[in-house]
There are 2 protein chains.
Amino acid sequence: MRPTIHTVAERAGVSIATVSRVLNGSRSVSRTAVERVRRAVGELGYLPNASARGLALSSTGTLAVIFPKLSGPFFSELIRGAEAGARESGYHLLIYGASTVAGGPQDRMLELLATKVDGLILASENICADYVQGVRRWGVPMVVLGREPEGSYVDSIRPDNVSGSVQAVTHLIEHGYRRIAMITGRGVHGHAGDREAGYRTALQDHGLRLHAELVTQGSFDEASGYEAMQRLLRQRPAPDAVFAANDEMAIGAMAAARERGVGVPADVAIVGFDDIEPARYVQPPLTTIHQDVQGQGRIAVQMLLARVRGSDAVVEARLISTTLVIRESCGCRPGLVHNPGVG
Amino acid sequence: MRPTIHTVAERAGVSIATVSRVLNGSRSVSRTAVERVRRAVGELGYLPNASARGLALSSTGTLAVIFPKLSGPFFSELIRGAEAGARESGYHLLIYGASTVAGGPQDRMLELLATKVDGLILASENICADYVQGVRRWGVPMVVLGREPEGSYVDSIRPDNVSGSVQAVTHLIEHGYRRIAMITGRGVHGHAGDREAGYRTALQDHGLRLHAELVTQGSFDEASGYEAMQRLLRQRPAPDAVFAANDEMAIGAMAAARERGVGVPADVAIVGFDDIEPARYVQPPLTTIHQDVQGQGRIAVQMLLARVRGSDAVVEARLISTTLVIRESCGCRPGLVHNPGVG
DNA sequence: CTGAAAGCGCTTACAG
DNA sequence: CTGAAAGCGCTTACAG
């Protein structure tokens, strides 16, 4: 049997109250008591039971992040950042991959999740508003990550999609491109609208007219970028540059160009968004907008912990600034700019 | 205040014992009691307190996976597989990124982790034997993933590194290459030795002599593969093919070749191991050995749950078979083989 | 089928 | 500084 606080107390010759006090660093304990308890703990290899502790304190010491079940490297980074942030603050982290399907036993586990944590990070888009309401009613603090929350009653954090897109498109404009196309994402994502808005803003700011036929929709995956690019390449005159709402689509677009014998960036420049890992491996390396995903995970944890600790500050929608990572797909020459690759 | 089992009992007009019974699906409850409790639960939005439940049942309903803090896509996949596996079995999953540094408050959290879970998946190499011993003493079942466990007293799972390497090198041999070099990994990894063994075996099986000067060591990262390739390209006669112990090093090797104007696969073929995401994006796409990482995560969970449920079967070291993914860096022509890319 | 009661292992006023 | 005791919210023999 595992030792309990009683085992320790007995061995140390004190009461369980005293054991609890030295374990929790209460000030008022005699030196000798501390010493004897410490020794007993060491000898027994005692570890306090987390459930009992949680019950007594009504706090679990753990947070959770809910992310989309089928999700790429983005969420891995996010989870990693959240994990690091949680641990630095002495919290454990539970993860939950939410499937798109509503109903069924999986939802039951999601509900139970709320019971096992002190706070929740919601990074999944396919979570229904009902669940969010439920969590709120249950009194578990939460922060929404990566999308705009429905109401304005919950903290959130996401990249500054608008200004990131402005950076991307402005860079293309400064290269001298004038027929700049965009492969947009689908609306659900939350990011989609803002990235398109940034594209429009940048064009407008430079007095460029928007060619409606050069704006085509994808769905944030590689295949849709490939197809979108096929459509764009059929336009006459063809675009001289393409801004894709994310890297997956940009990479798909590059494949379509290659297949048609259209040179990148010689015939058409391409810029993406997100700076996923493959971006630096494709040929030519992809110029894109970097967002600090791990950082967002960490910050989300901090925002969440503030609420867990009782903060009643006004609801915050934090925007994380992005940076332009210049590689070669935009037409910049290799070696002239920083390329975080090998060598 | 959150409703408790008492709130529900009162509202339903029954005792808490009855509430507990209907919630846990005990057979012997009257229809009317079930009905009234269900209604009360629904109206109150009652959720059972996980800590109290854990305390009463002495089981937490959660597992944990411990992975290296600074780790790439491999562990993301692993975590994802484990998460899916855990959830399918009704368990929650805690994650913990273990830093290399021993000692300090972080270790304290690792210890406490054992107290919050019913079982542990150890996927980190930088966990000291002491910790493993401690977990065992504490009575928490565990399975080690990706490396050979120290003793033979704990279940483990990893890819079949030997036969995977044999597949890789055999493919090169069948291409007609005869001076096949290898970039090995560093021993710590556990995989390193077996992958080199597979290389030797394949050569030997085909009556090829091993050229000691063609075996050079890297450290499983891109930069070391780059440097190793520089060394190999200085050999005379130069190797006509290179087997790298993982994809990162293979990609580094490709960069080194490109920089020297050495064509891949025209002048030297390259094959990697792992099939990480960038493998299909590099130019030429990398031929490599695929291992089902998510699958390993799932299986690890299953093995673990068997122990959690009390299995005392003999300790198992499971080997997961690998598959050769033919792309272009080996010299196979594009389009002739399946390339899981776009289009 | 149902309830009163003990017990799971902690924390923390409350007295001393 | 210290201990006896109540309480956290469940589960489950034990009687009925």
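Colleague: How do you know that B:D155, B:I157 and B:P159 point one way from β5(B), and B:S156 and B:R158 the other way, and what makes them buried or exposed?

Modeller: In this predicted model, B:D155, B:I157 and B:P159 lie on one side of β5(B), B:S156 and B:R158 lie on the other, and all are buried. A residue is called buried if 20 or more other C-beta atoms, placed from the backbone, lie within 10 Å of its own, exposed if 12 or fewer do, and partly exposed in between. In a regular strand the side chains alternate between the two faces of the sheet. Five of the five residues of β5 (155-159) of chain B are buried, so the strand is largely enclosed by the rest of the structure.

Colleague: What makes β4 (142-145) of chain B and β5(B) a pair?

Modeller: Strands are DSSP runs of E with at least two residues, helices are runs of H or I with at least four, and both are numbered from the N terminus. Two strands pair if DSSP finds at least two bridges between them; β4(B) and β5(B) have three, in the parallel sense, and therefore they meet the definition. In β5(B), B:I157 is the bridge partner of B:L145. Four bridges also join β5(B) to β11(B), again running parallel, with B:R318 as the partner of B:I157 in β11(B).

Colleague: Why is the sheet called open?

Modeller: Twelve strands follow one another from β11(A) to β11(B), with mixed pairing. The two β11 strands (317-320), one from chain A and one from chain B, stand at the edges with a single partner strand each, so one side of each has no neighbour in the sheet.

Colleague: What joins β2(A) to β2(B)?

Modeller: Three bridges do, and the strands run antiparallel; A:I95 stands opposite B:L93 in β2(B). Within chain A, by comparison, β1 (62-68) and β2 (92-98) run parallel and are joined by seven bridges.

Colleague: How do you know that the copies are related as by a two-fold rotation axis?

Modeller: Copies are superposed by least squares on the C-alpha atoms of residues with pLDDT of at least 70 in both. A rotation of 180° with 0.0 Å of shift along its axis places chain B on chain A, with an RMSD of 0.0 Å. The two copies are thus related as by a two-fold rotation axis.

Colleague: Why do you say that the copies meet through the same surface?

Modeller: Of the interface residues of chain B, 98% are also interface residues in chain A, so the copies meet through the same surface. Two residues are in contact if their C-beta atoms, placed from the backbone, lie within 7 Å, and the contact takes 49 residues from chain B and 48 residues from chain A. On the side of chain B that touches chain A, α5(B) gives the most, with six residues.

Colleague: Which residues come nearest to DNA strand C?

Modeller: A residue counts as near a strand if its C-beta atom, placed from the backbone, lies within 6 Å of it. Of the 26 residues around DNA strand C, A:I5, A:S20, A:A52, B:S28 and B:S30 come nearest.

Note on methods
Residues numbered from 1 in each chain as written. Chains lettered and ligands numbered in written order. Predicted model: local features only at pLDDT ≥ 70, side-chain atom pairs only at ≥ 80, totals over all residues.
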